[in-house]
Amino acid sequence: MRHLLSTRDLSRDAAIHILDVAEDMADTQTREVRKLPTLRGKTVVNLFFEDSTRTRISFEAAAKRLSADVINFSAKGSSVSKGESLKDTAQTLEEMGADAVVIRHGASGAPHTLAASGWIDAGIVNAGDGTHEHPTQALLDAFTIRRCLHGSASRGRALDGVTVAIVGDILHSRVARSNVWLLSALGARTVFVGPPTLVPNHLEGWPAEVSFDLDATLATGPDVVMMLRIQSERMNDAFFPNPREYSRRWGLDDERLARLGPDTIVMHPGPMNRGLEISSRAADSPRSTVREQVANGVSARMAVLYLLLSGERED
Amino acid sequence: MSARVVLQHADISRALTRIAHEILESNRGPDDLVILGIPTRGVVLARRVARLVSEISGTGVPVGSLDVTMYRDDLSRNPTRAPSPTSIPARGLDGATVVLVDDVLYSGRTIRAALDAIGDIGRPRAVRLAALVDRGHRELPIRPDFVGKNLPSSPSERIFVRLEDVDGEESVTIEQGGV
Amino acid sequence: MSNSSFLLSGATLPDGSTADIAIADGFVVGVGDGLDSVDAIVIDAAGLQALPGLVDLHTHLREPGYEDSETVLTGTRAAAAGGFTTVFAMANTSPVADTAGLVEQELALGEASGYATVQPIGAVTTGLAGERLAELGAMASSRARVRLFSDDGFCVSDPLLMRRALEYVKAFDGAIAQHAQEPRLTVGAQMNEGEVSTRLGLAGWPAVAEEAIIARDVLLTEHVGSRLHVCHVSTAGSVEIIRWAKARGIAVTAEVTPHHLLLTDDLAESYDARFKVNPPLRSAEDVAAVREGLADGTIDIVATDHAPHPDQHKDCAWPEAANGMVGLESALSVVHSAMVETGLLDWADVARVLSSAPARIGRLDGVGAPITVGSRADVVLYDTTASRTFDVDDLAGKSANSPYVGRQLPGRVVATFHRGVPTVLDGALRPHDEVLAGQRAVVGRG
């Protein structure tokens, strides 16, 4: 794998392969010594133009458990906030010998631009770009779903026949975008659920169904209910009247939680707005995989870094 | 390309039986033995050796697999390798006599990686090495404790181990170089 | 080249006939077979398409204020290279062209170039701020004789201000050239709103944000009995509204850019900011509709919206990049590809949409005339049989933000005459001192 920019490029076999390697990585994390020497001598740069402590430390843990050197480059307070361009930053990292750049950027497509630019030779991992994609989140979500369904017999399997309801602000969600392509590649069915203002109008050809009615969707018995975070900046821009109404119609409250089928799992990429899109009881219930998602995030990112940085360079 | 059969089915079985006896003899019995195969064919061989050791000694000997991919020092010289699962018997490796089993012993680098991997999992009392074929050309100070067959070879030759469980037939052949 | 007489022998005229074209002292002095070539420099135009010098109603020359992108000199060189002899310079310079003094300064910069006639466009509102009308009358009666006013880059979105502007310019036969973009519907917009923008996670610029303004403006224009020009029409819905308005007899004219005739929004999939432009590249259905609108006369003209930007404003992530593409050098080839090769326009139509009609909309007398005796000698010779991979070397301006670099385009400008002075010969720009000397000689004699 040369770069990981989007889940849309992943075939079914490639996706399963990454998840299988993530299983191997997860296995090593139960050992006495969790650090592997695999990427000794490689340098991974976490280039974060947006604050995201959770994603950064997950990548940092993944790189360190594979013995890579990690450089954290936060744009805040650095030369970048003083107007340095992405191009100059990339060229600096190139000179510093970065083998992989994990980039989080507020601008959709910034990782593509970096990968296509020729400014830097490193492998590029998209750690979330604008409202475009967040591929490693989708990988860890798929990994989590697969483990919930198949346990230790997960290796080699896809998600055929699984139905995933993704609920909330689909329009602005990079998590929803990365998930829909990956879930489709793995044979799962996706239903986007949310207010019509927050579900895109143009989904021609997308492997997703659309519902504006959460209760109706829950009544069909989805295997997974993935709740998305409602960003505070949406509250004042006429996407919905107010948080109370949003929560009543599209929140996973206690009553809806009680109506879920016995095997339905509840996911959330975090950070959660408890009481808005998800009730505390739902977040903490045994069906919730929120904490597993965090742990699995490290395994999935180890797999991605391993596949990106070991092996001869593919060009 | 000329292929020469070095070991036939019966030869392999005999070699494994002898190795099983030697393991029991050097360990003075089956106590604290753990047999670990290195994927892919080393795992098959390890299971067979463990079964033989168990039959001979009358005591079940734990067997597992140890993937060394993540410990290799040649990762960036080859296409990306897919790791294989590691499974360690429930007793763990602490205080055990671990017998590593591989099909062909060559440069010794795989075994070095395996020793590193073992170190991350536990602290065995001793680690021994069994190989079905030792073809020489070591690049590290590593030598096997139990060998099925010493097979002096030229680096241009290739050695193929085929096992019933993996390949549907059973033999060791040596072939002239060239792909 | 002190001689100012030229004979373009055997050229193909826009109507398809073949003739020699004689040029002397800045004017066309003969059109016909076997013209006398004594004292004239003969240029073999056999097999070349002669067109009246192209007129661009929508050019950003960037000077004063943004000389790192373009200057009047470099922009008019780009114009000449593309076969243009007149460009209308948009008002969004710094300072904004919103007073008589500033439009006269722009005019003077054009005269100092000589590569093309520069006709300033005045701002509608002071500083393009959309609050107070600029001194439209003063600009109209200045030496620059401004007739076209535009806040291009911004929409005159306030309906009352738009009404007043339309009413006011009636006093001097002016027109408002509207950049139709409802600002509230396009906050943070990055590209055409559709499936591609959804997939790329780029904020959408919906077609309705253009169409709503055009619908409002044609109704206002009808109400006050004025004249409206719609800049860079990009959607099928806009074409329909303008078609309806023209059928009602509303005095509306419209332009389409070359890039909206050829390129579609899926080019954004590369996140290559060369394809970022405002209004954005639209769907294939929109491209088909604007082509049809241009073919049936609903859309009157092609205008380039030539918008140079330095590399650093394009060498970045898409949402951080500037809007705009250079277009002067490639416009004729793109129209050739999108309209002529498809059979939608012939060369006489091209002469209309790229020369006579824009000059008429801009009320620029003596420009955009057909190639007949007595016309100003603005002539371009174009090799319709050529084909080339468009290259950075084909750009003559200061900036390289062309979406066509690396793309196969038909045709090639072989020669351009501006007021009888060659600005391009054998496909190459003539040196500035020679062009200036030629212009002085023409003006001196004329």
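Residues are numbered from 1 along each chain as its sequence is written, and chains are lettered from A, with ligands numbered from 1, in the order in which they are written.

The model scores ipTM 0.94 and pTM 0.92. The average pLDDT of chain C is 96, and 99% of its residues score at least 70. Here pLDDT is the predictor's confidence in each residue, from 0 to 100. Where pLDDT is low, predicted coordinates should not be read in detail.

Chain C contains 12 helices and 19 strands. These elements are DSSP runs, numbered from the N terminus: helices are H or I with at least four residues, strands are E with at least two. For 446 residues the globule rule gives 22 Å; the radius of gyration of chain C is 21 Å, so chain C is as compact as a globular protein of that length. The radius is taken over C-alpha atoms, and the rule is 2.2 Å times the number of residues to the power 0.38. Along the principal axes, the C-alpha atoms of chain C fill a box of roughly 65 × 45 × 45 Å.

Of the 446 residues in chain C, 61% are buried. A residue is buried if 20 or more other C-beta atoms lie within 10 Å of its own, exposed if 12 or fewer, and partly exposed in between; the C-beta atoms are placed from the backbone. Two residues are in contact if their C-beta atoms, placed from the backbone, lie within 7 Å.

Helix α10 of chain C spans residues 331–340. Nine of its 10 residues are buried, so the helix is largely enclosed by the rest of the structure. The buried positions in α10(C) include C:A331, C:V334, C:H336 and C:M339. An unreviewed UniProt entry lists residues 51–236 of chain C as "domain: Dihydroorotase catalytic". UniProt positions are given in the numbering used here, feature names are shortened, and annotations may be inferred rather than shown by experiment. The span 51–236 of chain C is 35% helix and 17% strand, and its end C-alpha atoms lie 29 Å apart.

Chain B has four helices and eight strands. Their order along the sequence is β-α-β-α-β-β-α-β-β-β-α-β. The radius of gyration of chain B is 16 Å, which agrees with the value near 16 Å for a compact globule of 179 residues. Its C-alpha atoms fill a box of roughly 45 × 40 × 30 Å along the principal axes. In chain B, 39% of the 179 residues count as buried. Of the contacts in chain B with a separation of 6 or more, 68% come from residues 24 or more positions apart.

Chain A is assigned two parts: domain 1 (7–134 + 294–309) and domain 2 (135–289). The bounds come from an automatic or database domain assignment. The C-alpha centres of the two domains of chain A lie 25 Å apart. Across their boundary, 27 residues of domain 1 of chain A are in contact with 24 residues of domain 2 of chain A. On the domain 1 side, α1, β4 (123–129) and α11 (290–309) of chain A each supply at least two residues. The largest share, eight residues, comes from α1(A). By class, this side has nine nonpolar, 10 polar and eight charged residues. Nonpolar means Ala, Val, Leu, Ile, Met, Phe, Trp, Tyr, Cys and Pro; charged means Asp, Glu, Lys and Arg; the others, Gly among them, are polar.

UniProt, in an unreviewed entry, places a "binding site" feature at A:K82, A:R174 and A:R229. A:R229 is found in the loop between β8 (224–227) and α8 (243–250) of chain A. A:R229 counts as buried because it has 20 C-beta neighbours inside 10 Å. Beyond its neighbours within four places in sequence, A:R229 is in contact with A:P271, A:M272, A:N273 and A:E277.

The contact between chains A and B takes 15 residues from chain A and 17 residues from chain B. Helix α1 (residues 12–28) of chain A gives the largest share of the chain A side, five residues. That side divides into five nonpolar, five polar and five charged residues. In the contact between chains C and A, 15 residues of chain C meet 21 residues of chain A. The chain C side has seven nonpolar, four polar and four charged residues.

Technical notes:
This is a predicted model: local features need pLDDT of at least 70, side-chain atom pairs count only at pLDDT 80 or more; totals for chains, interfaces and linings use all residues.
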